[in-house]
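Please look through the following report with the sequence and the 3D structure at hand. It begins with a single residue and then widens to the whole chain.

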Amino acid sequence: MKIEGQYTIAAKPETIWERLNDPEVLAKSLPGVDKLEVDGPDRYRAKIKYKVGPVSGNFDGAVELLEKDPPHSMRLKINARGGPGFINGDGKVELAAKDEGTEIRYSGEVQLGGMLAAIGSRLLEGAAKKSIEDFFQTIATK
């Protein structure tokens with residue numbers, strides 16, 4: 001499943017960049033994350049509780065920040081496995097100054113397996129967009 005979109009935050013790109021690279025802010029911003037621990041430079045281990053439609057469960061995962069070009073862009077890679085299946089995501093985030101704030105453009109691809117894959121693309125697409133919007137709303141306020 002491919003995802004893409006944009007979001008505008010009333011803060012400078014440098015401020016948003018700092019928030020995206022702060023483990024405490026990430027832990028509070030990523031939907032469903034119960035625990036986020038540093039596991040090396042720009043790498044984190046995560047405990048996630050997530051629900052999509054009728055399927056919910058606990059996941060163990062990893063988040064990596066790659067190809068960083070401060071404060072303009074980075075690639076994020078997310079892998080998680082749990083009882084309901086697996087989630088693999090790879091995406092790019094681009095920050096650009098716009099008026100008094102920052103326009104964030106994101107694009108990527110998510111692969112799902114197990115019961116998660118059986119839910120249906122419309123439901124999953126909606127859940128993914130909602131999770132991304134929740135993430136950026138939280139980043140905007142931290």
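## A buried ring and its partners

Phe136 has a relative accessibility of 3%, so it counts as buried, given that the limit is under 20%. The model in which this residue is seen is a predicted one. Tyr7 is buried as well, and Tyr106, at 14% relative accessibility, also counts as buried.

A search of the whole structure finds three aromatic pairs. A pair of aromatic rings is described by the distance of the centres and the angle of the planes. Two of the pairs are set out below.

| Pair | Distance between centres | Angle between planes | Arrangement |
|---|---|---|---|
| Tyr7 and Phe136 | 5.7 Å | 25° | stacked |
| Tyr106 and Phe136 | 5.8 Å | 35° | tilted |

Because Tyr7 belongs to strand β1 (residues 2-9) and Phe136 to helix α3 (residues 121-141), their pair ties together parts that are 129 residues apart in sequence. Tyr106 lies in strand β7 (residues 101-114), so its pair with Phe136 in helix α3 links parts that are 30 residues apart in sequence. Together with Phe135, the residues Tyr7, Tyr106 and Phe136 form one aromatic cluster.

The chain as a whole contains three helices and seven strands, which follow one another along the sequence in the pattern β-α-α-β-β-β-β-β-β-α. Its radius of gyration is 15 Å, close to the 14 Å that the globule rule gives for 142 residues, so the chain is as compact as a globular protein of that length. Of these 142 residues, 40% count as buried, while the chain exposes about 8,000 Å², of which carbon and sulfur atoms supply 49%.

Note on methods:
Residues are numbered from 1 along each chain as its sequence is written. This is a predicted model: local features need pLDDT of at least 70, side-chain atom pairs count only at pLDDT 80 or more; totals for chains, interfaces and linings use all residues. Side-chain values use heavy atoms; hydrogens and water are left out. Helices (H or I, at least four residues) and strands (E, at least two) are DSSP runs, numbered from the N terminus. The radius of gyration is taken over C-alpha atoms; the globule rule is 2.2 Å times the number of residues to the power 0.38. Buried means under 20% relative accessible area, exposed over 50%, partly exposed in between (1.4 Å probe, protein chains only). Accessible areas come from the Shrake-Rupley method with a 1.4 Å probe; for residues, only the protein chains shown count as cover. Rings of Phe, Tyr and Trp (its six-membered ring) pair if their centres lie within 6.5 Å; planes under 30 degrees apart count as stacked, over 60 as edge-to-face and the rest as tilted.
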